[in-house]
Amino acid sequence: MKTGYRLFSLFCWACALLPVVGVFGLVVFLLKQGWGGLGLELFFGDTPPLDAIFRFAPVWDGIWPACFGTLAVTGLAALTAIPLGLFCGIYLNEFPRGRLSGILDFCVNLLAGMPSIIMGLFGFALILFLRHTLVPDAGTGLLLSGFCMGLLVLPYMIKSTQSSLGGLPEDLRLMGTGLGFSKSQTIRHILLPSAGRGIMSGVVLSIGRAAEDTAVIMLTGAVANAGLPRGLFDNYEALPFFIYTVAAEYQSPEELQHGFGAALVLLTMTMGLFLAAHGLHHAMEKRWKRG
Amino acid sequence: MYRTADRRAGSLWLLACRSSAAVTGAAVLAILLFLLWFSLPLLDADTLSKLLSWDWRPFHGGFGILPMVAGSLLLSLSALLLAFPVSVGICCFAHGMGPSGPAACLLRLVKFMTSVPTVVYGFVGVFVLVPLLREAFRSGSGFCWLAAAVGLAVLILPTIVLMLHSQFMLIEPQVKLTATALGMSPAQRLLHLVMPNSGRGFAAALVLGFGRALGDTMIPLMLAGNAAQVPGSLLESLRAMTAHIALVVATDSQSLAYLSLFACGLILFLSTTLVNLGLQLLKRPEEDKG
C-alpha cells in the first residue's frame with residue numbers, strides 16, 4: 001500500500017511538471033524563432049510607420065494590415081457585445097422572472113458552449129440568406145465578422161456582469177432602498193459603480209477572446225493579402241488568420257519569420273488582456289470581501 | 001416633474017434590459033433556425049443517404065460526412081483520454097500532494113493557459129510537434145491523429161483542471177477535519193475521501209472537456225492532415241467536422257458540399273446542446289442539496 005501512495009505522489013509531481021515544461025517551452029520557442037524579426041519592419045515593411053497609421057498608406061510586407069483588421073473586428077465585436085451583455089446581465093441578475101429568465105439563462109449557457117465555427121457558419125448562412133432575399137450583392141466583410149464575433153463573446157460579458165452584480169453585499173441594495181431610490185436608480189447609482197471593476201474584467205476578457213478567435217473570421221470575411229479594408233463591408237486581414245495561412249502555406253523564410261512575429265504579437269496581446277482582466281477581477285473581489 | 005422624469009428613466013432602463021435579453025434569446029434561436037433552415041433539403045431520403053455515407057470524394061459525387069463524424073469523435077475522445085489523467089494529477093498536486101507555494105503557482109499557470117490563442121497552439125504544433133512525430137515514427141508527414149490529439153489535449157487541459165479544482169474546493173472542507181483527526185496523509189485523504197466524493201465533478205469535467213474538444217477548429221485543421229477518411233492508426237490523418245466546415249467553405253461551392261456543411265453544423269449544434277443539458281443535470285441536484 002505504501003508503494004501505491006508513493007507512486008501516486010510521483011504521478012502527481014510528473015503531471016504538475018508537464019504544463020510548466022509545455023508553457024515555458026512554447027514561450028521560449030516562440031521567442032527564439034520570432035525575436036530576431038521583431039521591430040518596426042515586421043509591422044510596416046518598407047512603408048514609413050506614421051504614413052501607414054495616419055494616412056492609410058498601403059503596407060506590402062508587414063503585418064500592420066492584419067493588426068488593423070484584428071483591432072477593427074475586436075472593436076466591432078465589443079460594440080455589439082458590451083451593451084447587449086451589460087443590460088442582459090442586469091436583467092438576469094436584477095429582474096428574475098421565474099421561467100422566462102430560466103430559459104434565457106439556458107440560452108446564454110448554450111451560447112457559451114457553442115463552437116466558434118458554428119458562429120462562423122451562422123454568419124455565412126446569414127449572407128446566403130440575404131443574397132437570396134433582400135440584398136442580392138451582400139458579401140462577407142468586416143461588419144459581419146464583428147457581429148458574429150460579438151455573439152461569440154456575448155456570454156462572457158453577460159456572465160461577468162451577472163456574477164459581479166450577484167457578488168455585491170446585500171447592504172448596498174438596502175442602502176438604495178433606504179435612500180428612497182427606485183430600483184433602476186439603485187442599479188444605476190449604487191450597484192453598477194460598485195460592480196464596475198468586475199464588469200470591466202468581463203469587458204477585457206471578451207476583447208481577448210474576440211482578438212484570438214480564428215474560426216469565426218475564417219467564414220465571415222478574413223482573407224490573406226487584402227490590405228487595409230476600405231469600408232465596413234470589405235474583406236480584411238487579421239492576425240490569427242495570418243498565422244494560420246503562414247503555417248499552411250509559407251513560401252520563404254521571411255514569411256515564416258513574419259508568422260512567428262505575428263504569433264508573438266498575438267500571444268503578448270492576449271496575455272496582457274488576460275492579466276488585466278485577472279487584476280480587475282481580483283481587485284473587485286478584494287474590495288467587497290473585506291466588508 | 002422630477003418624479004415623472006425619474007419614472008421615465010426607470011422605464012427606459014427596464015426597456016433596455018428587457019430588449020437586450022430578448023435580442024440575446026432571439027440570437028440563439030436565430031442560429032438554430034438558420035442551421036435548420038439550411039439543412040431542410042437534407043430531409044429528402046436520397047440526399048440523406050448520399051450524405052450519410054463513408055465516401056467523401058466531391059469530384060466523383062461522393063459527399064458522405066460519416067468519416068468526419070467519426071474523426072471528430074475519435075479525436076475528442078483520444079484528447080480526453082490524454083488530458084484527463086494528467087488533469088487529475090495536476091489537481092491532486094494542487095490539493096495537498098505538492099508544497100503549497102508551487103501549487104498556487106501551478107494553478108495560476110494553468111489559468112494562464114486559457115489565454116493562449118488556439119491558433120498559436122496550432123502554429124507551434126506545426127513547427128514542433130509535427131516534425132517531432134515525423135522523425136520519431138518515420139512514417140507519413142507527421143500531420144496525423146496523434147498530433148491533433150496531443151494539441152487538443154493541451155487545449156482542454158485547463159478546462160478540466162479548473163472544473164476539478166472547483167469540485168475539490170467544495171469537498172475538501174467537508175472532509176478535512178475527519179481526515180486530520182484520523183491522521184491521514186494527503187495522499188490517503190485525496191484517494192479515499194476527496195476523489196470518491198467528487199464523482200459529479202469528474203463527470204462534469206469529462207463532459208465539459210469533451211465539448212471543448214469537439215468544438216475546436218484550429219487544432220484539428222492545422223495538425224490532423226484533413227484527409228477525409230477513418231484513420232487506421234494514430235499516425236494516419238483524419239478530418240474533424242469543424243475542420244470540414246472551415247475547409248469546404250474556403251474551396252468549392254457545389255450544392256451537396258454546402259449541404260454537408262450544414263449537416264455537420266447541425267450535428268455540432270445538437271451535440272453542444274446535449275453536452276449543455278448534461279452539465280445542467282449534473283449541476284442541479286447539488287444546488288438543491290446546498
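Biologist: In chain B, how large a share of the contacts with a separation of 6 or more comes from residues 24 or more positions apart?

Modeller: That share is 70% in chain B. Keep in mind that this is a predicted model. For chain A, residues 24 or more positions apart also account for 70% of the contacts with a separation of 6 or more.

Biologist: How many helices and strands does chain B have?

Modeller: Chain B holds 11 helices and two strands. Along the sequence the pattern reads α-α-β-β-α-α-α-α-α-α-α-α-α.

Biologist: And how many helices and strands are in chain A?

Modeller: Chain A has 13 helices and zero strands. From the N terminus on, its elements run α-α-α-α-α-α-α-α-α-α-α-α-α.

Biologist: What part of each chain counts as buried?

Modeller: In chain B, 54% of the 290 residues count as buried. In chain A, 52% of the 291 residues do. Now take the surface. Chain B exposes about 13000 Å², and carbon and sulfur atoms supply 68% of that area. The accessible surface of chain A comes to about 13800 Å², with 66% belonging to carbon and sulfur atoms.

Biologist: On to helix packing. What describes two packed helices?

Modeller: The angle between their axes and the distance between the axes. Start with helix H3 (residues 66-97) and helix H8 (residues 199-215) of chain B. Their axes are 9 Å apart, and the packing angle is about 135°.

Biologist: Why are H3(B) and H8(B) called oblique?

Modeller: Roughly antiparallel needs an angle over 145 degrees, and roughly perpendicular covers 65 to 115. The angle of H3(B) and H8(B) is about 135°, so the two helices are oblique to each other. H3(B) passes H8(B) in a right-handed crossing.

Biologist: Which residues make that contact?

Modeller: H3(B) contributes Ser72(B), Leu73(B), Ser76(B), Leu77(B), Leu80(B), Phe84(B) and Val88(B). From H8(B) come Phe202(B), Ala205(B), Leu206(B), Gly209(B), Phe210(B), Ala213(B) and Leu214(B). By class, the contact of H3(B) with H8(B) has 11 nonpolar, three polar and no charged residues.

Biologist: Now chain A. At what angle do the axes of H7(A) and H10(A) cross?

Modeller: At roughly 160°. Helix H7 spans residues 142-166 and helix H10 spans residues 196-212, and their axes come within 8 Å. H7(A) and H10(A) are therefore roughly antiparallel to each other. Their crossing is right-handed.

Biologist: Which residues meet there?

Modeller: On H7(A), they are Met149(A), Leu152(A), Val153(A), Tyr156(A), Met157(A), Ser160(A), Thr161(A) and Ser164(A). On H10(A), look for Gly198(A), Ile199(A), Gly202(A), Val203(A), Leu205(A), Ser206(A), Arg209(A) and Ala210(A). The contact of H7(A) with H10(A) divides into nine nonpolar, six polar and one charged residues.

Biologist: Where is Asn226(B) found?

Modeller: In the loop between helix H9 (218-223) and helix H10 (241-251) of chain B.

Biologist: Does Asn226(B) count as buried or exposed?

Modeller: Buried means under 20% relative accessible area. Asn226(B) is at 13% relative accessibility, so this residue counts as buried.

Key: Residues numbered from 1 in each chain as written. Chains lettered and ligands numbered in written order. Predicted model: local features only at pLDDT ≥ 70, side-chain atom pairs only at ≥ 80, totals over all residues. Heavy atoms only, no water. Axes fitted to C-alpha atoms, helices over the stretch in contact; angles between N-to-C directions. Helix = DSSP H or I, 4+ residues; strand = E, 2+ residues; numbered from the N terminus. Parallel < 35°, antiparallel > 145°, perpendicular 65-115°, else oblique. Left-handed = near helix turned anticlockwise from the far one by under 90°. Contact = heavy atoms within 4.5 Å. Nonpolar A, V, L, I, M, F, W, Y, C, P; charged D, E, K, R; others polar. Buried < 20%, exposed > 50% of the residue type's maximum accessible area, 1.4 Å probe, protein only. Areas by Shrake-Rupley, 256 points an atom, 1.4 Å probe, with all protein chains shown as cover.
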